[in-house]
Amino acid sequence: MVFSIQQVKYEFLAYIKEFDQSFPHWCVGISDAPKVTLFDKHGVRTGEDPWLYKQLLSHRAARTVYDYFVQHLKTAGVPPEGETNEFDCVYLFKMAPHTRQ
């Protein structure tokens, strides 16, 4: 399912509010394979760590969500790898001692 910018912002904010309201404890990124990125690259543990991802309509929409959380709310951020405009998924996870940025 593809989501709008406002839907993703709302869902991410609700998720953060549910688990830990301190924005610097969270990390946001953009990926074309968010599950692989979350679990393999960042070391997120499926059953232990709070994590979420959403697909948006375009890379530009994903970048808008990313910029909102990183620049405005001051979460940690992981920019997309490479110079591509094809990544349209935004992911979020709560950082922990075992996760990597």
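Strand S3 (residues 51-56) runs antiparallel to S5, the two being joined over 5 bridges; strands are taken as DSSP E runs of at least two residues and helices as H or I runs of at least four, numbered from the N terminus, and strands pair if DSSP finds at least two bridges between them. This is a predicted model, where local features need pLDDT of at least 70 and side-chain atom pairs pLDDT 80 or more, while totals for chains, interfaces and linings use all residues. Residues are numbered from 1 along each chain as its sequence is written, and side-chain values use heavy atoms, with hydrogens and water left out.

S5 (residues 89-94) also pairs with S2 (residues 26-31), again in the antiparallel sense, over 6 bridges. Within S5, Phe-93 is the bridge partner of Trp-51, and Lys-94 is that of Trp-26. S5 is mostly covered, with 5 of its 6 residues buried (under 20% relative accessible area with a 1.4 Å probe, protein chains only; over 50% is exposed, and in between is partly exposed).

Now for the helices. H1 (residues 5-19) and H3 (residues 59-72) have axes that come within 9 Å and cross at roughly 35°; the axes are lines fitted to C-alpha atoms over the stretch in contact, with angles from 0 to 180 degrees between N-to-C directions. Residues of H1, including Phe-12 and Ile-16, meet a set in H3 that includes Tyr-68 and Phe-69, contact meaning heavy atoms within 4.5 Å.

Thr-75 sits in the loop between H3 and strand S4 (76-78). Thr-75 counts as buried because its relative accessibility is 6%. Leaving aside residues up to four places away in sequence, Thr-75 touches Phe-23, Trp-26, Val-28, Phe-69 and Val-70.
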